[in-house]
Amino acid sequence: MEQQTHISKHRILELLDYVKDPEIPVINVLELGVVRSVEVEESGKAIITITPTYTGCPAMDVMAADIRKELLEAGVPEVEVKLTLSPAWTTDWITDEGKRKLKAYGIAPPEKSADIRALKGEQPVVACPQCGSKNTVMLSLFGSTACKALWKCQDCLEPFDQFKCL
Amino acid sequence: MIDPNPMEQSALFTYTLRLADDILILSQRLGEWCGHGPVLEEDIALTNRALDHLGEARNLLTYAGQVEGKGRSEDDLAYLRMERQYTNVKLVEQPNGDYAHTMVRSFLFDAYHLPLMQALTKSNDAQLAAIAGKSVKEATYHLRASSEWIIRFGDGTEESHQRAQAALDNLWTYTGELFETDAVLEEMTKAGISPGIAAIKESWSKTVDQVLAEATLKRPTDAFMMTGGRKGLHSEHMGFILAEMQHVTRAYPGVSW
């Protein structure tokens, strides 16, 4: 009988790098800040706790399934993905690398929630991810997914998504 | 499965279910705009908001099922209850009507929902506080969006102003129900689980006054207020809403994605 390899927490974190947001495939679950904890029991069972971004985000179920699949395929004997609502996820948990990747993909990254003018009803100044111009206008507070707002650049005239500050 | 009599349930279950049903039915109504929005951006915005509401409903229904302790899942509660077991207010059942009606209905609800969620983050019930912690930031965006539409309509053209005022006048009678008290609410408030409803009403009223003033719309006078939703007595629209919402589940029992 084969000896079961004990997959370490460090290795699991490496594996989670491969689990991408299904809607925004350039950013992974660690960069999104949705992985709250990784525990490995003596039996080798991994318990991953994630937290949803927006309450109704349908991508969370897919992410949980993808996490399970990725770890099981790598040889983790048992995987449990737990969901926690508290503390509430905030866009501040998106890493700087994650924000850079969003911008490169064409999505304006969220501003820091300390700069919370967005939630207070004041318009943030959002740079166009295509041409960099700050001459932009918001078309809709509710964009194509729960986390995004729709903007338009008045210089290059391209529309773009903005990841809303939460 | 015979549905348990809601009156025999614990106050926490009943209270959680009320929160869930309000937002579930509103979500269902907003979802009806899918493909019918006045402009593409609004079609997307409405279904986006419906999805936020649905997420909150899912969290609340799941928790209600756990509190009840009889093994009912979020799906069992959403799809398998009969009309008289739903405890939502009548406001959220009202038809979408024209865009002014939909926006006014959302505004009147959002202005109540935000202070409620803010207060619930301090609830003595940890799970309700956690759910509220998630919903409160989204609720801020919702109220902002509805308020902006009310202002656009009210301080817009003569037609948009008339339609917004008509919607307000029609829907005002459904606002009283949001602030009703009964034994369940009193028990929850005493336990520090729900906030006192008077404070929520005050916040709601202030927001309504502020936004209507900027929209140059007249706040209707309080007259007869519709009631009964919390006891499972709904308007004639509820049956149709549930028929559409439940029929796939009921046609294919036990099926899952």
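This is a predicted model: local features need pLDDT of at least 70, side-chain atom pairs count only at pLDDT 80 or more; totals for chains, interfaces and linings use all residues.
Tyr18(A) is placed in the loop that runs between α1 (9-16) and α2 (29-32) of chain A. When residues up to four places away in sequence are not counted, Tyr18(A) touches Asn28(A) and Glu70(A).

Most residues other than glycine have a negative phi, and most peptide bonds are trans. The peptide bond that leads from Ser86(A) to Pro87(A) is cis, with omega near -5°, and Pro87(A) itself is found in the loop between β3 (79-83) and α4 (96-105) of chain A. Leu157(A), although not a glycine, has a positive phi of about 65°, and its place is in the loop between β6 (148-153) and β7 (159-163) of chain A. Because 10 other C-beta atoms lie within 10 Å of its own, Leu157(A) is exposed, the limit for this class being 12 or fewer.

In chain B, a positive phi of about 55° is found at Thr216(B), which is not a glycine. Thr216(B) belongs to the loop between α8 (197-214) and α9 (237-251) of chain B, and it counts as partly exposed because it has 13 C-beta neighbours inside 10 Å.

Chain B also contains a helix pair, formed by α2 (residues 40-68) and α5 (residues 126-154), whose axes come within 11 Å and cross at roughly 165°. Since angles over 145 degrees count as roughly antiparallel, α2(B) and α5(B) are therefore roughly antiparallel to each other. The crossing of α2(B) and α5(B) is left-handed. From α2(B), the contact is made by Ala45(B), Arg49(B), Asp52(B), Glu56(B), Asn59(B), Leu60(B) and Tyr63(B), and from α5(B) by Gln127(B), Ile131(B), Ser135(B), Glu138(B), His142(B) and Ala145(B). Sorted by class, the residues in the contact of α2(B) with α5(B) comprise 5 nonpolar, 4 polar and 4 charged.

Terms used. Residues are numbered from 1 along each chain as its sequence is written. Chains are lettered from A and ligands numbered from 1 in the order in which they are written. Axes are lines fitted to C-alpha atoms, for helices over the stretch in contact, and angles run from 0 to 180 degrees between N-to-C directions. Helices (H or I, at least four residues) and strands (E, at least two) are DSSP runs, numbered from the N terminus. Angles under 35 degrees count as roughly parallel, over 145 as roughly antiparallel, 65 to 115 as roughly perpendicular and the rest as oblique. A crossing is left-handed if the near helix is turned anticlockwise from the far one by less than a right angle, and right-handed if clockwise. Two residues are in contact if their C-beta atoms, placed from the backbone, lie within 7 Å. Ala, Val, Leu, Ile, Met, Phe, Trp, Tyr, Cys and Pro count as nonpolar, Asp, Glu, Lys and Arg as charged, and the others, Gly among them, as polar. A residue is buried if 20 or more other C-beta atoms lie within 10 Å of its own, exposed if 12 or fewer, and partly exposed in between; C-beta atoms are placed from the backbone.
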